[in-house]
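I opened this model to look up a few things and jotted notes as I went. Here are the entries, in the order I made them.

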Amino acid sequence: MEWFKDNLSISTSGMGLYPLTGVVAQKVNLWLIQEGMCFLFLPHTSASLLIAENADPSAKLDIETYFERLVGEDQPWMTHTLEGKDDSSSHIRSALTVTDLSIPIEDGHLALGTWQGIYLFEHRSHRQNRRVLLRCMKFE
């Protein structure tokens, strides 16, 4: 067993889904991992990670719209607004999703379904610099 690690930097321009599949797959390929596990962790409280449909752009739009309707920002009952009107809503959206993913690697590829893609889900309405910890375990 061998470990590989990297930290990915993602600049966001506001709320939405930002694709990560390509950069993660590129690392798996670079590290020549044929069989193993890929672990992603996002050390932030106002963003999350998501595996979602990646073929039809309308699926991405529907997910973004759903979360905006579910937890809209600047609600009158929200008290946590220290960093702006999106403060409380971004933390709630993050709590409803996940900040870590585990994906098997088989035959040199991420074992994602045909229509699955990996995304960073930004919950803040303004520009952010996010860090994703990427760790891969190579089975011998």
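**Entry 1: a salt bridge across the chain**

I began with E83, which forms a salt bridge with R124, their closest N and O atoms being 3.6 Å apart. I counted a salt bridge when a side-chain nitrogen of Lys or Arg lies within 4 Å of a carboxyl oxygen of Asp or Glu. The pair links distant parts of the chain: E83 sits in the loop between α2 and α3, R124 in the loop between β7 and β8 (128–138), 41 residues apart. Helices (H or I, at least four residues) and strands (E, at least two) are DSSP runs, numbered from the N terminus.

Before going on, I noted that this is a predicted model, where local features need pLDDT of at least 70 and side-chain atom pairs count only at pLDDT 80 or more, while totals for chains, interfaces and linings use all residues. Residues are numbered from 1 along each chain as its sequence is written, and side-chain values use heavy atoms, with hydrogens and water left out.

Is E83 buried or exposed? I found E83 exposed, at a relative accessible area of 54%, and R124 buried, at 3%. My cut-offs: buried is under 20% relative accessible area, exposed is over 50%, and partly exposed is in between (1.4 Å probe, protein chains only). I also saw that E83 and R124 belong to a network of salt bridges with D86 and D87.

**Entry 2: other charged pairs**

How many salt bridges does a search of the whole structure find? The search gave me 8. As a reminder to myself, side chains of opposite charge can pair when their charged atoms come close.

I looked next at K85 and E73, whose side chains meet in a salt bridge at 3.8 Å, N to O. Both K85 and E73 lie in the loop between α2 (57–70) and α3 (87–96), so the pair ties together parts that are 12 residues apart in sequence. K85 is partly exposed, with a relative accessible area of 48%, whereas E73 is buried at 16%.

I then checked E122 and R130, which form a salt bridge with the closest N and O atoms 2.7 Å apart. Both E122 and R130 are buried.

**Entry 3: strands**

I traced an open sheet of 5 strands in the order β1-β8-β3-β5-β6, with antiparallel pairing. Why is one side of β1 and of β6 left without a neighbour in the sheet? β1 (2–12) and β6 (109–110) stand at the edges and each has a single partner strand, so one side of each has no neighbour there. Two strands pair if DSSP finds at least two bridges between them.

Strand β5 (residues 100–106) runs antiparallel to β6, joined by 2 bridges. I noted H109 in β6 as the bridge partner of E106.

I also followed β4 (residues 47–53), which pairs with β7 (residues 116–122) in the antiparallel sense over 7 bridges. There I51 stands opposite I118 in β7. β4 is mostly covered, with 5 of its 7 residues buried.

**Entry 4: positive phi**

Most residues other than glycine have a negative phi. L32 lies in the loop between α1 (21–30) and β3 (36–41) and is exposed, with a relative accessible area of 60%.

D107 went on my list too, as its phi is near 50 degrees, a positive value in a residue other than glycine. I found D107 in the loop between β5 and β6, exposed at a relative accessible area of 57%.
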